[in-house]
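Here is a walk through a structure, taken one step at a time. Keep the 3D view open and follow along.

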Amino acid sequence: MQIKPILSALRRHKAGTILIALQIALTLAIVCNALFIVHERLDRVNRPTGMNESNVVAVQNLYVGSPSTYVPLMKTDIQAIRSMPGVEDAYVTNAFPLRRGGWSTSIQTKPDGTKNGVQSALYFGDEHTLATLGVKLIAGRNFSASEVTAFERDQQPVPAQVIVTKALAEKLFPGESALGKTVYYVKGRPSIIIGIVEKLTVPWIDADFIDNVSIMPLFFNSSYQHFVVRAKQGQQDAVYKSIANTLYGVSRMRVLPERYGVRTFDMVRKDAYEADRGMAVLMSVVCGVLLAITAAGIVGLSSFWVGQRRKQIGVRRALGARRSDILSYFMTENFLIALSGVVVGVVLALGMNQWMFTQFEMERLSFTYVLVGVVILLGLGQAAVFAPALRASRVSPVEATRSV
Amino acid sequence: MFGYYLELALRSLRRSRALTALMIIAIALGIGASMTTLTVLHVLSGDPLPGSSGSIFIPRFDPRDKDGFEPSVALPTQVTWIDGNNLLKARRAQRQVLMVGGAAPVQPDDPAIDPFIVPARYATADFFAMFQTPFRYGQPWGAAEDESRARVAVIGAELNDRLFHGENSVGRTVRAGGVDLRIIGVLNPWRPSPHFFDLTVGSYGSSEDLLVPLSTARSQLLPRNGGISCWGKGSSDEANMESAECTWLQFWVQLHGAAEVAAYRQFLDGYVAEQLKSGRFQRPVNTDLPDVMRFLDEQHVVPSDARLQVWLSLGFFVVCLVNTVGLMLAKFMRRAGEVGVRRALGASRRSVFMQLLTEAAIVGLAGGVLGLGVALLGLSIIRMQPGAAAQLAHLDLAMLGMTFVVSILAALAAGMLPAWRVCRIAPALQIKSQ
């Protein structure tokens, strides 16, 4: 294939050539970055919590009325839930992963340490917590029933024993085993690490200490509680449907909010990452439509070029060019234009990413995405030009003699 | 002459339907996407109190101890009970309000209705006058009720519909958080967006449905809601919130004119200096007094995703325009012969140019109409999302007009280069080759 005649022909169609190249460049820049955003968001949406998330139901509960203490109510409720037929285990807490609300504090390794400790989320629970969440204990032991105590609103949550995540343990005691070590949630009040779990994430999705969690054997005496329930295999839906009635059966003096009242963990995850999922869908749609429009534009302009050159094509055919020569002429022409487009596009894509990096705290575009975008657009160009090129190749040599 | 151009344009557009449709769709998608995202951004960054937001200010200062102090650390957006009440009692502004959010369980009299939670706000009397809350029935409480910790409440339209089927419920009772409150006012639907006066309960949350005097709410310990930030020995023990070293209340003032603002700023500096001298404050005097819009701007209330979406849809629009320029070029160049004949018969370059631009304008208009449909569809999809922020996204008249103006201008701009190219062709050359 001779490239020189194509180039000199393109020189006579500067405006159209530049427009297609520009469109391909802009499309590449936007598609690369949009795909990268999709990838980033999907990564977040599918980020593991460390829990075994199937068969888990979460209930938000607010006690109404003003009893002197809520602890007996909590204990009655949790007993009622545990004795439901489809329930394997359950516990009562202040927060769990993806709840998007909870407690956090900074932990010290010395009794009189000042600020700048290690930030950690606090989950209250009991000896049933690990089994209900389905997290893996990798060192030490679980709480025993006798270690679980209650604390009041005017007290600080400082249990004698805690279980922490591996990530938190490594930050507190880098390079050594944290098991059996003493830490301080409040100045001068020690807690001993009795167990380490493999992974559990904080309730917030944007926290920068996402894997730092402490589980405490505590009942928090307050009207606002969450029940986390593990259903038996295949019983999740039954538990999801009947748990509100079970609780109202114990007492009607409570509110389970209409929104976020009773949720399966799938729903919890969906609610937590709603905005991210929406963004990923939007970006995918934008990419799809953009590629379609660019393809349509290439088809339109190429068809026009073919129509404009019918006579020249006829002459070439009359002089001995085969159909495949004409076909490959147009294919090559498009490839050259697309190539110049993607070269500019790669620069644009990187520039755009750099700008978004500063404006929107986006990560650096990985080169794979640029490469994927380049391949997509070159392929798209070839696919789009194929139909007009095929039509060109069918121009009969007789055209050369017409209208002379 | 314009009528003639119009006829020629329509005839020409009809001749190549696919190309015309492609141009219109490209413009429509570009403009539709841009208008959708711009409307969302417009709503999210809107003025929650049109007309009076420039006179509402939030005094900011730092009551925290020296621990972790750096000059660059941002000032708190909330105040402690002590400071809030000191500033409230000083009465140095025309109006001032101290408040906190809540979530109160309401127990309806009707035993058939289960208790439910309503978002509440515990505020001082100036709340209503300052934020111009619209009353349907009754009236707000005054300083006397604040003083006497009266068990009164103003309820929102939604709660009134739910409990009293929208009737005038002034004088009746609502039982919230175990306390019987006499209803003295009912609001019309009211939802300032963003929820500027307390961002800790969500930037675009729905408005509170139960308003109770702050003094009453505190004496009855109605459940609080919202952000709380403590230092030193501060703990969020509910019974001792009044003396805790925690910021948990919002304080806003209303001031008219630069002189009043300057005077209040001076008063605020004086107050902080005084507290510093007495040893209650430890950080150097650093105050600020932003108005509503500056405050919202500084708090980065508008989600960055919304801005990102606008930029992306604008980029999308540019690609659609480039696409349209290319297609118009193809379309106009195809008619070089026709243009040659018209030029040879005496049409001036100008009139040919105008005729081609008429064609472009028609494409723009059609693109605008279709784009409006795309935008309406896009907005209705956004409203279906349960996220509170986007539910307010509606196309207003200004945006509607802008859709048409922008799409016609865009199509004209896209037609400019192709039309100019065609006009430059020497008529003799075209006629010769026929």
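**Helix packing and chain layout**

Helix 2 of chain B crosses helix 12 of chain B in a right-handed sense. This is a predicted model. Helix 12 of chain B covers residues 349–384, and its axis comes within 6 Å of the axis of helix 2 of chain B. The two axes cross at roughly 45 degrees. An angle under 35 degrees would count as roughly parallel, and 65 to 115 as roughly perpendicular. Helix 2 and helix 12 of chain B are therefore oblique to each other. The residues of this contact divide into 16 nonpolar, 9 polar and no charged.

Stay with helix 2 of chain B, residues 17–44. It also packs on helix 10 of chain B, residues 304–334. Here the axes lie 8 Å apart, at an angle of about 160 degrees. Angles over 145 degrees count as roughly antiparallel. That makes helix 2 of chain B roughly antiparallel to helix 10 of chain B. What is the hand of the crossing of helix 2 of chain B with helix 10 of chain B? It is left-handed. The contact of helix 2 with helix 10 of chain B holds 21 nonpolar, 7 polar and 2 charged residues.

Now step back to the whole of chain B. It has 14 helices and 12 strands. Its radius of gyration is 31 Å, while the globule rule gives 22 Å for 434 residues. The value is well over the rule, so chain B is more spread out than a compact globule.

Domain 1 of chain B is made of two stretches, 2–45 and 303–433. Domain 2 of chain B runs over 53–298. The C-alpha centres of domain 1 and domain 2 of chain B lie 50 Å apart. One local detail of chain B deserves a look. The peptide bond from Ser193(B) to Pro194(B) is cis, with omega near -5 degrees. Where does Pro194(B) lie? It sits in the loop between strand 7 (179–187) and strand 8 (210–213) of chain B.

Turn to chain A. This chain has 11 helices and 14 strands. The radius of gyration of chain A is 32 Å, well over the 22 Å that the globule rule gives for 404 residues, so chain A too is more spread out than a compact globule. Along the principal axes, its C-alpha trace spans about 105 × 50 × 35 Å.

Chain A is also assigned two domains. Domain 1 of chain A takes 4–45 and 275–401, and domain 2 of chain A takes 65–252. Their C-alpha centres lie 55 Å apart. Chain A has a backbone detail of its own. Leu98(A) has a positive phi of about 65 degrees although it is not a glycine. Find Leu98(A) in the loop between strand 2 (87–93) and strand 3 (103–107) of chain A.

Next comes a helix pair in chain A. Helix 8 and helix 11 (residues 367–393) of chain A have axes that come within 9 Å and cross at roughly 25 degrees. Under 35 degrees counts as roughly parallel. Helix 8 of chain A and helix 11 of chain A are therefore roughly parallel to each other. Their crossing is right-handed. From helix 8 of chain A, the contact includes Leu291(A), Ala295(A), Ile298(A) and Val299(A). From helix 11 of chain A, it includes Leu380(A), Ala384(A), Pro388(A) and Arg391(A). By class, the residues of this contact divide into 11 nonpolar, 4 polar and 1 charged.

Finally, look at where the chains meet. How many residues does each chain give to the contact? Chain A gives 39 residues and chain B gives 41. On chain A, helix 2 (14–45) and helix 8 (274–308) each supply at least two residues of the side that touches chain B. Helix 8 of chain A gives the most to that side, with 16 residues. The residues on the side of chain A that touches chain B divide into 22 nonpolar, 12 polar and 5 charged.

How values were computed: Residues are numbered from 1 along each chain as its sequence is written. Chains are lettered from A and ligands numbered from 1 in the order in which they are written. This is a predicted model: local features need pLDDT of at least 70, side-chain atom pairs count only at pLDDT 80 or more; totals for chains, interfaces and linings use all residues. Domain bounds come from an automatic or database domain assignment. Two residues are in contact if their C-beta atoms, placed from the backbone, lie within 7 Å. Helices (H or I, at least four residues) and strands (E, at least two) are DSSP runs, numbered from the N terminus. Ala, Val, Leu, Ile, Met, Phe, Trp, Tyr, Cys and Pro count as nonpolar, Asp, Glu, Lys and Arg as charged, and the others, Gly among them, as polar. Axes are lines fitted to C-alpha atoms, for helices over the stretch in contact, and angles run from 0 to 180 degrees between N-to-C directions. A crossing is left-handed if the near helix is turned anticlockwise from the far one by less than a right angle, and right-handed if clockwise. The radius of gyration is taken over C-alpha atoms; the globule rule is 2.2 Å times the number of residues to the power 0.38.
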